[in-house]
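Trainee: Please give me a close look at one part of this structure, and state the cut-offs behind each term as you go.

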Amino acid sequence: MMPLFLKKNTTSLGHSFLIEKFQVPHTYDIWHHHTEFEFFHMVKGSGTRFIGDSIESFTDGDLVLVGPNLPHVWRSDKCYYASNPNLNIELILTQFLPDFLGKDFLNLSEMHELKIFLEDANQGIQIIGPAREMASTRLFEILNLQGSRKLIAFISLLADLASSKSYRKLSTSGFSNAYQSRGSQRIKKVHDFIMNNFMEDISLSQAAEVANMNETAFCRFFKNSTLKTFTQFLNEVRIGYACKLLLNEDLNVASVGFESGFKNISYFNRVFKYVLGVTPQQYQKSACATNQKNVNFMMLAERFPHIHN
C-alpha cells in the first residue's frame with residue numbers, strides 16, 4: 001500500500017509557515033507524506049513512530065523534524081483508542097515549505113549550516129539533549145507571537161538547532177536516497193510493502209512480485225538502490241520494532257520475536273545479536289533497568305556507522 005499523499009495549506013495571508021498546538025484523543029495514524037517539512041513536538045503522549053525505515057517508540061517531549069516527501073506516521077499506544085476522556089495526546093505541529101523563506105535564502109553563505117540541517121531532515125532527525133528542552137520552550141513562545149516577530153523567532157530557532165548539532169538521523173540513507181532522490185516508483189512500492197507487512201511472513205518472491213521483477217533481477221535492483229540486501233533491510237526493520245516491544249517487561253522474548261515477524265525464535269535471537277551486539281534478553285534487562293523510554297538505533301549506528309550517515 002502506497003503512503004497517502006496529503007496536500008496541506010501551510011501558507012495563508014500574513015503567514016509563511018504554520019504552527020499550532022493540538023489536544024487530540026490520538027495521533028493521525030495513517031502512513032503518509034507531503035511536500036512540507038514537519039516539526040512534530042510530542043508534548044504529552046506515547047506510542048510508536050515510523051519515519052522512512054526507522055521504527056522507534058516516542059514519549060513525552062519527543063521532537064522530530066521530517067523532511068519533504070519522507071513517509072511517516074505516529075501511532076499512539078492502544079490505551080489512547082479506548083475513548084478515555086482523561087487521556088489525550090498534546091502536540092505542537094509546525095509545517096513549512098522548503099522555500100518558505102524564498103527560493104535563494106538558503107543559498108546565502110550565512111545560511112550554509114541551516115541548509116545542511118534541513119538537508120539532513122530528508123532522513124528525519126530527532127532533536128536530543130539540552131537542545132530539545134530549549135526548542136520546546138521556544139516553540140511555546142512562538143505560538144504566542146505575531147507577524148515578523150513570529151517568523152524571526154522561528155528562523156532563529158532553526159538556526160540554533162542547526163548550530164547545536166544536537167540531533168541524530170532516523171531513516172537510513174539508503175531508504176531516503178532510493179525513496180526521494182532516485183524517484184523510483186518501483187522501489188517506493190517495495191519499501192511501502194515492507195513497512196506495511198513486516199510483521200507478517202513476507203518473502204523475497206512476494207517483494208519481487210511487488211516490483212514486477214524476477215527474484216535474481218530484484219535482488220540486484222534492491223541492493224543497488226538501498227545498499228542492503230532485501231533480507232538485511234527487512235531484518236533491521238523488524239529488529240527496530242522488536243526493540244520497542246522489549247520495553248514491556250510483561251512480554252517474553254518469544255512473543256516479541258513472533259510479533260516482530262520472526263517465525264523462528266533461534267533465528268530472531270541470532271539476528272538480534274548480530275545487529276545490536278547483545279541478546280534480546282540482555283537488551284530488555286538493560287532497557288527496563290534504566291527505565292529507557294526512547295528506544296532508538298544508537299546501538300545499531302555504533303555497530304554499523306554507514307546506516308545513519
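**A charged pair and its setting**

Mentor: Asp 77 is partly exposed, with a relative accessible area of 24%, on a scale where buried means under 20%, exposed means over 50% and partly exposed lies in between (1.4 Å probe, protein chains only). The model is predicted, so local features need pLDDT of at least 70 and side-chain atom pairs count only at pLDDT 80 or more, whereas totals for chains, interfaces and linings use all residues. Residues are numbered from 1 along each chain as its sequence is written, and side-chain values use heavy atoms, with hydrogens and water left out.

The side chain of Asp 77 meets that of Lys 244 in a salt bridge, at 3.6 Å from N to O, the term requiring a side-chain nitrogen of Lys or Arg within 4 Å of a carboxyl oxygen of Asp or Glu. Since Lys 244 lies in helix H8 (residues 230-245) and Asp 77 in the loop between strand S8 (72-76) and S9, the pair ties together parts that are 167 residues apart in sequence; helices (H or I, at least four residues) and strands (E, at least two) are DSSP runs, numbered from the N terminus. Lys 244, for its part, is buried, with a relative accessible area of 17%.

Another salt bridge joins Glu 236 to Lys 228, the closest N and O atoms being 2.6 Å apart. Glu 236 is buried at 7% relative accessible area, and Lys 228 also counts as buried, at 4%. By the same rule, the count comes to eleven salt bridges.
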